[in-house]
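Good morning, colleagues. I would like to take you through one model today, beginning with the fold of one chain and ending with the contact between the chains.

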Amino acid sequence: MTSLVDRYVYTALRRIPEQQRSDIDRELRASIDDAVDARVESGEPLDTAVENALLELGDPDKLADSYADRPNFLIGPELYGVWRRFMLMLFTTVLPIVVVATSIGGFFADDVNIGAIIGNAIGTALTVGVHLAFWTTATFAVIERTGLGRDELRGGPWTPKDLPKYEPRAVSLGQVVTYVVWPVILIAAIILQRFTFTDVPVLDPGGWSFWWPLVIALIALKALWAVWLYRTGWTRPVLIVNALIAVAVGAVTTYLLASDNFFNPAFDWITDNNTDLLDWITPAVIVATIAGTLWDILETTIRGERARRGLPTKVPGSGNTYKFG
Amino acid sequence: MTTDATLATHLQELRRGTVVVASLMVLRAPGYGYSLLETLSEAGFDVEANTLYPLLRRLESQGLLVSEWNTDEARPRKFYRTTELGDTVANTLRGEWKRLDGAITDLSFTHPGSDK
């Protein structure tokens, strides 16, 4: 009989902070004994009385949680919203960038193997994804328990000024970040391919005296253009400048490709079955460049014109259109 | 969720906090865990031992109760007593309880759409 009470008390005490244990031990035993006595007095046999008294107290682990007054959640309601937004950002922005950046290297390997590139991309996505999720959650759990930096994370009380702008002219920060990130990755790839990725650079090294710096400058202009767009919103000059940049990049690239000054001829373009990849890649890239340029101009102009004229725009995720004014 | 389960949730939310007021009032005369549990059950409070015992310690750490071990009897027991602060808090809570009761009573006499 005593053993049952002992087992109950010990199980509860295991999860209670040490400095409270002896006191709770005495108090809990006294309370159980009181309950048992009351039950015996009302005619229950001793064994049943003990069992029922313990049953009334319930799961000792829960009782211990209650005594220790600790949260039985990892991330509480105060931080959950911030955590969710943060995870969403990591998985929609950081993860794709990391996967694309690591996959680019595969295309410049000595023997390009599409299967291996896809496999690596999936592997990277899984590994990086698990790391992102784990470390973010672990950090938030620590903040939840220690309270360190919690107020900064919550970012002050909400005010109506925090509402996102849906006016068609307004350009969201996320949109601009996307516009800036891709030029930066492209520039990094152009510069890095000269030194790493492969023993022999993929792009013609002869172009570094003039053409590659020009291409880099034009791509950098596109990033600056995005910042300009963010500051002024969609205006006619913004659209014209975008078209000019697109045409300039497209023209230079097409010229370099057509005059065989784009790819490095010293690179090993011959495959195992003796076909010269360059004969295929050059026209393919020319077509892709022209199509890409046209798409960029059309897509940006249509989007910008709609916004500029204040036509109703779709608010992503709400299922509604927002009519300006 | 069934109606019963919905009702149970709302009842639990409504009752939460009443045990605190009741305990602080009962313990103006010193008492130990099990005795308080009995008193509250007899008075009609639906309270479980596993909520009440941890609650007493929490109220003690907040300074609303003080405790003392009584070893005069065969079974040593921890006696709790409401402090002055606890009494003030209990009175404030009771005042709020009365105000809410009054407000609810007023509401039941008000007809929607009428001037009063």
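Chain A contains 11 helices and 2 strands. Please keep in mind throughout that this is a predicted model. Read from the N terminus, the order of elements in chain A is α-α-α-α-α-α-α-α-α-α-α-β-β. Chain A has 325 residues, of which 14% count as buried. Among its contacts with a separation of 6 or more, 68% join residues 24 or more positions apart.

Let me turn to helix 11 of chain A, which covers residues 277-308. This helix has 32 residues, and the distance from its first C-alpha to its last is 45 Å, close to the 46 Å expected at 1.5 Å a residue. Three of the residues in helix 11 of chain A, namely Thr293(A), Gly304(A) and Ala307(A), are buried. After the helix comes Gly310(A), with a positive phi near 70 degrees.

Next, the nonpolar cores. As a general background, nonpolar side chains tend to be buried together in soluble globular proteins. Which residues touch the most other members of the largest nonpolar core? In this core of 27 residues, they are Ile32(A), Ala35(A), Val36(A) and Ala53(A) from chain A, with Leu27(B), Leu56(B) and Leu65(B) from chain B. Two or more residues each come from helix 2 (18-41), helix 3 (46-57) and helix 4 (60-68) of chain A, and likewise from helix 3 and helix 4 of chain B. Helix 2 of chain A contributes the most, with 5 residues. A second, separate core has 8 residues, including Ala226(A), Val238(A), Leu239(A) and Ala307(A).

Leaving aside residues up to four places away in sequence, Ala35(A) touches Ala53(A), Glu56(A) and Tyr34(B).

That leads to the contact between the chains. Here 12 residues of chain B are in contact with 14 residues of chain A. On the side of chain B that touches chain A, helix 3 (33-42), helix 4 (49-61) and strand 3 (77-82) of chain B each supply at least two residues. Helix 4 of chain B gives the most to that side, with 6 residues. By class, that side of chain B comprises 5 nonpolar, 2 polar and 5 charged residues.

Finally, the confidence scores. Chain B has an average pLDDT of 89, and 94% of its residues score at least 70. For the model, ipTM is 0.83 and pTM is 0.59.

Key
Residues are numbered from 1 along each chain as its sequence is written. Chains are lettered from A and ligands numbered from 1 in the order in which they are written. This is a predicted model: local features need pLDDT of at least 70, side-chain atom pairs count only at pLDDT 80 or more; totals for chains, interfaces and linings use all residues. Two residues are in contact if their C-beta atoms, placed from the backbone, lie within 7 Å. Helices (H or I, at least four residues) and strands (E, at least two) are DSSP runs, numbered from the N terminus. Ala, Val, Leu, Ile, Met, Phe, Trp, Tyr, Cys and Pro count as nonpolar, Asp, Glu, Lys and Arg as charged, and the others, Gly among them, as polar. pLDDT is the predictor's confidence in each residue, from 0 to 100. The expected span of a helix is 1.5 Å times one less than its number of residues. A residue is buried if 20 or more other C-beta atoms lie within 10 Å of its own, exposed if 12 or fewer, and partly exposed in between; C-beta atoms are placed from the backbone. A nonpolar core is a set of buried Ala, Val, Leu, Ile, Met, Phe, Trp, Tyr and Cys residues joined through C-beta atoms within 7 Å.
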